Amino acid sequence: MRRSVRLADMDSRGRLRLDAVARYLQDAAIEDVSETGWGLPEHLWFIRRIEVEVEVPFIEDRSVEVVTWCSGLAAIAAGRRWSLRGDAGGHIEVESVWIHLGPDARPARIENFGIYAEATGGRHVSTKIDLPEPPPSAVRVSWQLRSTDVDLHGHVNNAVHWQAVEHRLSSLGLNLGRPLTARLDYGDPLSPHDTVELAEWVDGDAYCLAFVVDGRTKAFASLE
């Protein structure tokens with residue numbers, strides 16, 4: 001698919017933001033499974049882990065080509081990869097793992113996966129994630145959820161997590177207009193009634209951000 005980079009997708013310097021990238025990825029994935037019969041209402045997919053490699057930042061790009069395919073398989077999960085290239089040289093590679101649920105919203109085995117299974121080339125994916133507890137030195141700020149953050153399934157959409165990452169990094173004055181690696185691990189979904197606290201700290205070369213609810217990390221982001 002091809003997407004135009006709109007005004008609402010860019011930061012004040014014209015860079016394509018990470019939350020906008022997340023929306024592009026989500027749209028491509030939904031269109032893909034809708035075409036193959038692996039979408040709603042029989043099949044639900046919830047993201048477990050995603051890693052974004054910004055090899056060349058999208059600064060001057062105003063059009064993005066998004067290519068996606070199945071990159072690995074497990075009993076109740078599948079990997080999805082995306083490759084994004086812009087019309088001005090921007091380049092992002094993304095790897096992710098999604099949990100497969102049946103129409104009853106319970107984890108369901110993946111069977112007869114057809115062309116998706118063929119694309120994996122026998123590669124296996126792991127559903128393990130990293131949800132560390134923030135250290136005592138972590139800086140903590142509140143993160144107010146809005147009704148517009150919630151998707152069809154009653155959960156805070158994954159792109160909203162990237163909005164929090166973008167917001168905090170911007171407030172710290174960090175330069176995102178350069179190559180970087182960003183990862184988000186999703187544990188329990190955020191609900192619209194959660195009181196969310198963002199805990200941030202630095203671990204070596206990595207900026208870390210935990211989404212904490214009632215003292216427990218529900219999602220964790222890291223960026224290098």
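Which residues line the second largest pocket?

**Before selecting anything**

The model is predicted, so local features are reported only at pLDDT of at least 70 and side-chain atom pairs only at pLDDT 80 or more, whereas totals for chains, interfaces and linings use all residues. Residues are numbered from 1 along each chain as its sequence is written, and side-chain values use heavy atoms, with hydrogens and water left out.

**The whole chain**

Begin with a cartoon of the protein, which shows three helices and ten strands, where helices (H or I, at least four residues) and strands (E, at least two) are DSSP runs numbered from the N terminus. Read from the N terminus, the order of these elements is β-α-β-β-β-β-α-β-α-β-β-β-β. The C-alpha trace spans about 50 × 45 × 35 Å along its principal axes. Its radius of gyration is 17 Å, which agrees with the value near 17 Å for a compact globule with 224 residues; the radius is taken over C-alpha atoms, and the globule rule is 2.2 Å times the number of residues to the power 0.38.

Colouring by accessibility shows that buried residues make up 49% of the 224 residues; buried means under 20% relative accessible area, exposed over 50%, and partly exposed in between, with a 1.4 Å probe and protein chains only. Among contacts (heavy atoms within 4.5 Å) between residues at least 6 apart in sequence, 67% join residues at least 24 apart.

**The largest pocket**

Next, select Trp45, Phe46, Ile47, Trp98 and His153, which are the closest to the centre of the largest pocket among the 39 residues that line it. This pocket holds about 870 Å³ of space. On a 1 Å grid over the protein atoms alone, a pocket is an open set of points with protein on both sides within 12 Å along at least five of seven lines, a cavity is a set where a 1.4 Å probe fits but cannot get out, and lining residues have an atom within 4 Å of a point. Grid points are joined across faces, edges and corners, and a volume is the space filled by probe spheres set on the points.

Elements that each supply at least two lining residues to the largest pocket include helix 1 (18–36), strand 2 (44–56), strand 5 (91–101) and helix 3 (158–171). By class, this lining has 23 nonpolar, eleven polar and five charged residues, counting Ala, Val, Leu, Ile, Met, Phe, Trp, Tyr, Cys and Pro as nonpolar, Asp, Glu, Lys and Arg as charged, and the others, Gly among them, as polar.

Move to Val33, in helix 1, which counts as buried at 11% relative accessibility. Leaving out residues up to four places away in sequence, Val33 touches Trp38, Gly39, Trp45, Arg80 and Tyr116. Val33 and Leu44 are eleven residues apart in sequence and 9.9 Å apart in space, C-alpha to C-alpha.

In the loop between helix 1 and strand 2, select Pro41; the peptide bond from Leu40 to Pro41 is cis, with omega near 5°.

To answer the opening question, select Leu174, Asn175, Leu176, Arg178, Pro179, Leu180, Val202, Asp205, Ala206, Tyr207, Leu223 and Glu224, which line the second largest pocket. Its volume is about 170 Å³, and its lining has eight nonpolar, one polar and three charged residues.

The structure also holds three cavities of 30 Å³ or more, and about 80 Å³ of space lies in the largest cavity. To outline the largest cavity, select Arg15, Leu16, Leu18, Val21, Val54, Pro57, Phe58, Ile92, Leu176 and Leu180, a lining with nine nonpolar, no polar and one charged residues.

**Two positive phi angles**

Most residues other than glycine have a negative phi, and most peptide bonds are trans. Ala105, although not a glycine, has a positive phi of about 65°; it lies in the loop between strand 5 and helix 2 (115–120) and is partly exposed, with a relative accessible area of 46%. Asp214, also not a glycine, has a positive phi of about 55°; it lies in the loop between strand 9 (206–213) and strand 10 and is exposed, at 77%.

**Cysteines**

Finally, select Cys70, which counts as buried at 5% relative accessibility, and Cys208, which counts as buried at 4%. The structure holds zero disulfides, a disulfide being a pair of cysteine sulfur atoms within 2.5 Å.
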